[in-house]
Amino acid sequence: MASGIKDKVAIIGMGCTAFGEHWDKGPEDLIVDAFEQALADSGVARSDIQAAWMGNALDDINVGNSALPLAHALRLKTIPVSRVENMCATGTEALRAAVYAVAAGAVDFALALGVEKLKDTGYGGLPLRTKGLANDLWLPYGSAPGSFAQLAGAYTAKHRLNGDDLKRAMAHVSWKSHQNAAKNPRAHLRKAVDMDTILKAPMIADPLGLYDCCGVSDGAACAIVTTPDIARGLGVANPVTVKAVQLSASHGWEMSYGAWDGSYVLNTREAARRAYAEAGVKEARKELSLTEVHDCFSITELVTMEDLGLSDEGCAPADILAGRYDSDGTQPCQIDGGLKCFGHPVGASGLRMAFEIYTQLLGRAGERQLAAPRLGLTHNLGGAPFNSVAAVSIFGRLH
Amino acid sequence: MRGVARVGVYAPLLRLDCAAAARALKFSGLAGRRDGYRAVGGWDEDAFTFAVEAARGGAAALDTLIFASTSAPFFERLHATLAVDALGLPRETRTRDVAGSRRCAVSALLDALLARGSALIAAGERRPARPGAAAHLAQGDGGAAAWVADEAPARFIGWASLSYDLVDTYASREHPEPYPAEERFVKEGAAAHVLVPTIRRALESAGLSGGDIHHVAAPEPVAGLWRDISRATKISAPNHASEISAKLGDLGAAHALFAFALATARAKPGERILLTGFGSGCDALVFETTGSMPGAELAEAALNEGALLADYVRFLSLNGALDLDWGVRSEFEQKAQATVLDRYGRDTLGFIGGRDCAGNVQFPKSRIPVRPDADGPEAMQDVRLADEPARIVSVTADRLNYTPDPPFWFGLAQFNNGARVMMEFTDADARGFSVGDRVAMRLRIKSHDRRRGFRTYFWKAAPAERPTLGG
């Protein structure tokens, strides 16, 4: 009987570059910058790393395929390196692989690094990647905002909401993230924005306006993991440990079977259920100190609050507007600015979320530090609501 | 008795207000159409999709399918074969394309009537023209179809043909847009040398005189020409082709069959219809109706429904006369692979899903069904979704994504038979689309690889009902 990975793996070093439009940096620079931070934080030697996983979602337009760009950039001398890709959940996939390798006892030290260099392609958003394959014959070439905007329509219909009320709650999601990112020196967008500006922004995909959408960024984030015993041997008596890493992936049910109403993300619910069980979380609303969720769009964060069980179904708009998830609320969400404002270098985002939880748990978050956080959750979502990969991870201190 | 057993028509949603176009062109002093409407195809429609839309709803099998057009997208790739897949017909159906003249659809109909077996003639037209040319506003986009069978409510009772190279207009590979001859020459020559003598012979063949004809479907190469022919042939019946010209424009190869459909809709049993096709000669056919014509009711509706388009620049863009720079988002690969088309092309073109062992319908088919309790590979039975009604589960108007006619509507469609498909929506009216809306499937261009001159087709969800023009 599988016992899960709770407290079997410790994070002893993390690094994260500033996210943004790094016109002066290539993938190699981003990889090295994130890794050197993590290495210095961990106290281990470069040569101690025994296996590495690189997360990169859009290999064809930036870093290059395989994990060799990572091996080259860090001069990882003949150790096993692998590239993982699971759309926007790629960063958590890299962490999951490294965590599993340590938990399995296969290696003592493993590296997970996510990187994306998108700003060489000349425009915001993500490119279309059609190759003339079977799906191209019928699937719409929809954009990411278009795919997630559909959550809003279905949510409004299901809960018989007034579209304007939902729009205000969505606007509050983005308003809050802009407020938070102003205190984060690594964030891509550090400017606070008022509600009126958000509400009157140009429409991108009905009903998502410009400020309901995160952009994409250049950046890298990195974690070095080992066992709690080894961590103790290195002088880290109470390390940050992984309480759960769970993944759930679509198998066609939402998109091709008639039961889904389009108003929630099935995989978030499934991954959260398993993660809570693995971490031993009984009452997520009370036990989780903070969350970093995949706020690629404001509606995604809103729906995710319900899918994680933090808000009752149909109540997320009211909870959001009441400030429950604000920095001074009872359960802050995106204290670092989230995808919306910290930025979204796709393959790095899952590790960036872990980086913020790690930073908060160690009390290193400076101006945005929360009081005595105990458990933090990351939610990293790839694909679209109708065809997704959701990763939910929980982190805390060992003791 | 052998004749036309069914008719079909299709006009795209948009109707250009020709007065608005004339206002936009006023500075130029160019003469052209100043009133009426012109049917305008969406960016994702072409002569082939028009023909298929017109040809829906017929028999599940027939002997021959003929596609007729002077503006077919491919020179080498048979549209009639594509139509067999799009209409869900057996692959054993004989197929051929005809072209070369606006007359080609009527000529094909005549051939089919003189031959044996059942046949479908499906015509579609989306002809290019340059802004400012009279043809640009005079032409319209659309399709029409006719089915030939041994038992038919429009009995074929006479005919005549004439081959005559009267160059009223031409288009060539070097000059794809029509190049017209002097209008007065065409008016005189077409009537005197081509149409009148052929119509007289057709009437003789049927043992009739002009006064015995009750309805006419005779496209005019020049407006007002029918008056001269009417005088010469003593046919005083209304020419339904003229009304189509005013409301939809000149539909080229599809015009005569569209007019014939309208004539059958308006004809009483026992009345006689004259159908002519003109271009490089003439074919004149005479029919006598014996009962109501399946499909004809759509012809009347098609004339009066639609959405007004008063934006001349949008018309130019939709029409391909204005090549906008859509920016880097439009720069993506749309190459279709022949091997993939071979494996999946028939299912996508025909919108064929599968019914699993438990009765659940899905698209696309898969080895292991999507049904949650499926536990291994199952054989699937073909189910055509193209004719299945559906409702919208989720939808958005995507303004980020590139489309030649923004916004890009897409979302989940739930079919009445249980299938669920993420798909593109088309023909949005001013209200757009909402969750719960009823939608019907339309065959459209899915991808257009301009670099290689190739296109793929799939079905898109359109509003179940069309608005009435001006309503």
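Is Lys247(B) buried, partly exposed or exposed? Lys247(B) is partly exposed, at 26% relative accessible area. Here, buried means under 20% relative accessible area, exposed means over 50%, and partly exposed lies in between (1.4 Å probe, protein chains only).

1. Ground rules. This is a predicted model, where local features need pLDDT of at least 70, side-chain atom pairs count only at pLDDT 80 or more, and totals for chains, interfaces and linings use all residues. Residues are numbered from 1 along each chain as its sequence is written, chains are lettered from A and ligands numbered from 1 in the order in which they are written, and side-chain values use heavy atoms, with hydrogens and water left out.

2. Salt bridges overall. Over all chains, the structure holds 62 salt bridges. A salt bridge is a side-chain nitrogen of Lys or Arg within 4 Å of a carboxyl oxygen of Asp or Glu. Side chains of opposite charge can pair when their charged atoms come close.

3. A pair within one helix. Lys247(B) forms a salt bridge with Glu243(B), and the closest N and O atoms are 3.3 Å apart. Both sit in helix H8 (residues 240–247) of chain B, four residues apart, so about one helical turn separates them. Helices are DSSP runs (H or I, at least four residues), numbered from the N terminus. An α-helix has 3.6 residues a turn, so residues three or four places apart point the same way. Glu243(B) is partly exposed, at 25% relative accessibility.

4. Asp307(A) and Arg269(A) meet in a salt bridge through their side chains (2.7 Å, N to O). This pair links distant parts of the chain: Asp307(A) is in helix H11 (residues 298–307) of chain A, and Arg269(A) is in helix H9 (residues 266–279) of chain A, 38 residues apart. Asp307(A) is buried, at 5%. Arg269(A) is partly exposed, at 25%.

5. Asp449(B) pairs with Arg452(B) in a salt bridge (2.7 Å, N to O). Asp449(B) is buried, at 6% relative accessibility. Arg452(B) is partly exposed, at 38%.

6. A network. Some residues of chain B are linked in a network of salt bridges, including Asp44(B), Glu45(B), Glu305(B), Arg444(B) and Lys460(B).

7. A covered helix. In helix H2 (residues 47–54) of chain B, eight of its eight residues are buried. Among them are Phe48(B), Phe50(B) and Glu53(B). Asp46(B) caps the N-terminal end of H2(B), with a side-chain oxygen 3.0 Å from the backbone nitrogen of Phe48(B).

Key
Helix = DSSP H or I, 4+ residues; strand = E, 2+ residues; numbered from the N terminus. Polar contact = N/O pair within 3.5 Å; in protein donor to acceptor, adjacent residues only side chain to side chain.
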